[in-house]
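Reader: I've got a structure open and I'd like to learn how to read it. Can we go through it together?

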Amino acid sequence: MCCQHILRNTDHYWASMESPQDSAITRDINRTFPAHDYFKDTGGDGQDSLYKICKMPEEQAFSVLVKIMFDYGLRDLFKQNFEDLHCKFFQLERLMQEYLPDLYNHFLNVGLEAHMYASQWFLTLFTAKFPLYMVFHIIDLLLCEGISVIFNVALALLKTSKDDLIQTDFEGALKFFRVPVPKRYRSEENAKKLMELACGMKISQKKLKKFEKEYHTLREQQEQQEAPIERYERENRRLQEANMRLEQENDDLAHELVSSKIALRKDLDNAEEKADALNKELLLTKQKLVDSEDEKRRLEEESAQLKEMCRRELDKSESEIKKNGSIIGEYKQICTQLSERLEKQQTANRGELEKIRFKVEGCEKCSSLFNKEGRVRTVNTASAGGSGEQDEEKEGLKIQLREMELELAQTKLQLVEAECKLQDLEHHLGLALNEVQAAKKTWFNRTLSSIKTVTGNQGKETT
């Protein structure tokens, strides 16, 4: 049976009634177990159960608690636990002397007594410092095995901390019990190992009874030897020391509680600030998303328009290229024909020249007028003494030669004109190709500029 289950199912014991301390209870209820999941939520089931317990008068709350204990088989718990607390300290020291002699001797040397560190363990069943999941386990074992479980847990705590405690002095040991020991068992794994060690220790009721009888014997002897006034003074001093120690522990707990609340409030404020910042960032992101989608649609429309324009320009350029290609083909065909005609004419002219040269060489008179290259020789008029017929024949040959040279010059001129037209057509073709490339480059540059502009605007908005 789990102690946490007991606490969660006791609402049928609590009655609704007024309390004069209601405001103080309401103020303190949030500071009780602030780190535990069941009690930390304001207005939750845990705080509601604590409020119902605290608002009742002391006598009624105590009677309800006793009734719960009786219902779950704890009739003798309070009698055993509060009958003689100093007897429990004595029993713990005797158990230490038996199980942990080196630590017991060290405590004797530094003057550390059991009531200085174990009072909260026995008075609160370890609830003052240790986490509740560990306390619930302790109470579950207490329900099953009795009060000796408290000694098992106390010895287990001392045994696991023995190496550290032996190195401390009086003040260091008290501080170690106050802070590092509870902090170590905030880990559920460490708490589980501690409970396994405590369950492994076997402390018999017979031995506890023996130590209790020994304590009462020593106390009776001390009371017989000590005067009543001295005994009262000693008891008063002990109570004052215990009171001061408890006040110090209370102050430490209050300071720790306030520090925890401040830290929690700070974390809450930071979380709220982060939430506000994230909400603002989310709104900005949503707005940027809307703007980006609009810009995307605009760019898609521009891209579609550019693609359509480029398609039209490309079709136009292809048609012009085809047209220019056909023209160039026609001009090339014409030039080929002219070249063939020119070659034929040149061949015919060369044949005619060869015939004339053969005839001139065959004639004794004419051969003297021309050199080997076919040019007219210069002769002196005095030595020539030629006849009129020779002059007429020479003039005829010259006229025929000039006609042939003139025909050859016209053929060359036609060839040059054809080559010029061909170059002109090739120039027009280059211009058309350049216009197509310029159109493509202009569309690409415009698209790239649009993308850069959009990217730059988004970068500025992000900044």
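Reader: Okay, which residues line the largest cavity?

Author: Some ground rules to begin with. This is a predicted model, where local features need pLDDT of at least 70 and side-chain atom pairs count only at pLDDT 80 or more, while totals for chains, interfaces and linings use all residues. Residues are numbered from 1 along each chain as its sequence is written, and side-chain values use heavy atoms, with hydrogens and water left out.
On a 1 Å grid over the protein atoms alone, a cavity is a set of points where a 1.4 Å probe fits but cannot get out, and lining residues have an atom within 4 Å of a point. Here the lining is L141, E145, V149, N152, A198 and C199.

Reader: What is the volume of that largest cavity?

Author: Volume is the space filled by probe spheres set on the points, with grid points joined across faces, edges and corners. For the largest cavity that gives about 40 Å³, and searching the whole structure turns up 1 cavity of 30 Å³ or more.

Reader: And how does a pocket differ from that?

Author: A pocket is an open set with protein on both sides within 12 Å along at least five of seven lines. Take the second largest pocket, at about 670 Å³. Its lining has 20 residues, with H86, Y215, Q222, R234 and R238 nearest the centre.

Reader: Which helix gives the largest share of the lining of the second largest pocket?

Author: Helices are DSSP runs (H or I, at least four residues), numbered from the N terminus. The largest share, 7 residues, is from α16.

Reader: What about salt bridges: how many does the structure hold?

Author: Look for a side-chain nitrogen of Lys or Arg within 4 Å of a carboxyl oxygen of Asp or Glu. The structure has 11 of these. One of them pairs E214 with R94, with the closest N and O atoms 2.1 Å apart. E214 sits in helix α15 and R94 in helix α6, 120 residues apart, so the pair links distant parts of the chain.

Reader: How do I describe two packed helices?

Author: By the angle between their axes and the distance between the axes. Axes are lines fitted to C-alpha atoms, for helices over the stretch in contact, and angles run from 0 to 180 degrees between N-to-C directions. The axes of α6 (residues 85-99) and α7 (residues 101-110) come within 5 Å and cross at roughly 125°. The two are therefore oblique to each other (under 35 degrees is roughly parallel, over 145 roughly antiparallel, 65 to 115 roughly perpendicular, and the rest oblique).
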